[in-house]
Amino acid sequence: MPRVSEAHLAARREQIIEAATRCFARNGFHQTSMQDVIREAGLSVGAFYRYFSSKAELIKAIAEEKVGSILATIDHLLLQEPVPPLLTVFAEVLAQVDAHLTENGPVRIAVQAWGEAAHDPALAEVVGGIYARIRRSAVALAARARDAGQLPPDADPDAVGAVIFGLIQGYVLQRVLIGRLDRATYLAGIEGFTSR
C-alpha cells in the first residue's frame with residue numbers, strides 16, 4: 001500500500017477543519033454532532049477519526065488556526081520599524097476580523113467558544129491560552145507605542161494591552177450580536193477618545 005504524503009494528510013485535516021467550521025457556525029457546538037461534521041467533510045468515520053478523536057480536539061484546532069490570522073497580523077505589526085500608530089494597528093486587526101466575519105466564518109465560532117468556555121473547563125483552557133497570546137502581543141505593542149512616544153511615558157503597557165485586547169473583543173461581539181456596526185465608525189470612536 002502506498003504511503004500517504006504529508007501534503008495529502010495536511011489537506012485532509014484542513015478539509016475536516018473547514019467542514020467543522022461550517023457546521024459549528026451554522027448549528028452551534030451542542031447541535032453539531034461528530035456525524036454531522038463527518039458528513040459535511042464527505043469522509044468515512046475511520047478517515048475522520050484518524051485526524052481528530054473528539055469534538056473538543058476539533059474545536060481547539062479550529063480556534064488555533066482561525067484566531068492565528070489575527071495573532072499573525074498583530075505580530076507582523078510588532079516587527080515593523082517604526083512601530084505603526086495604534087489606530088493603524090486597530091484598522092488592520094479589525095480588517096482581519098471583518099474578513100473572517102462570514103456566515104460560516106470563524107469569528108462567529110469565537111463568540112460561541114467564549115460562551116462555552118464559561119461551562120467547559122477544557123475549552124476554557126484552550127480559549128484562555130489562545131487569547132492570552134493575543135493579549136501578550138497587545139501588551140508588547142503597547143510597550144513599543146509608549147517607547148515611540150505614542151503614549152504617555154508613564155503609560156502601563158499591561159493596562160493598555162488589556163484595553164487593546166478588550167476593544168478587539170468588543171468589536172467582534174458587536175459585529176456578531178448587533179451586526180450594524182461598521183469598522184470606520186468603530187475606528188472613529190477609538191480615535192475620538194485616544195487623540196490628545
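**A pocket and its surroundings**

Guide: Helix H4 gives the largest share of the lining of the second largest pocket, five residues. This is a predicted model. Helix H4 covers residues 55–79, and helix H7 covers 121–147; each supplies at least two lining residues. The pocket has a volume of about 150 Å³. Its lining includes Phe29, His30, Lys55, Glu57, Lys60, Glu116, Asp120 and Val126.

Take Lys55 from that list. Lys55 is in contact with Thr32. Where is Thr32 placed? Thr32 is in the loop between helix H1 (6–27) and helix H2 (34–41). Its relative accessibility is 1%, so Thr32 counts as buried. A polar atom of its side chain lies 2.7 Å from the backbone oxygen of Gly28. Leaving aside neighbours within four places in sequence, Thr32 also touches Cys23, Phe24, Asn27 and Val37.

Now take Glu116, another lining residue. Glu116 is one of the buried residues of helix H6. Others include Val107, Ile109, Val111 and Ala113. Helix H6 runs over residues 106–117. Its twelve residues should span 16 Å at 1.5 Å a residue, and its end C-alpha atoms are 16 Å apart, which agrees.

Last, turn to helix H5. Helix H5 has 14 residues, 86–99, and reaches 20 Å from its first C-alpha to its last. That is close to the 20 Å expected. Its buried residues are Leu86, Val89, Phe90, Val93, Leu94 and Val97. Seen down the axis of H5, they fall within an arc of 120 degrees, so they line one face of the helix. An α-helix has 3.6 residues a turn, so residues three or four places apart point the same way.

Conventions
Residues numbered from 1 in each chain as written. Predicted model: local features only at pLDDT ≥ 70, side-chain atom pairs only at ≥ 80, totals over all residues. Heavy atoms only, no water. Helix = DSSP H or I, 4+ residues; strand = E, 2+ residues; numbered from the N terminus. Expected span 1.5 Å × (residues − 1). Buried < 20%, exposed > 50% of the residue type's maximum accessible area, 1.4 Å probe, protein only. Arc of directions from axis to C-beta. Polar contact = N/O pair within 3.5 Å; in protein donor to acceptor, adjacent residues only side chain to side chain. Contact = heavy atoms within 4.5 Å. 1 Å grid on protein atoms, 1.4 Å probe; cavity = no way out; pocket = protein on both sides within 12 Å on 5 of 7 lines; lining within 4 Å. Points joined across faces, edges and corners; volume = space filled by probe spheres on them.
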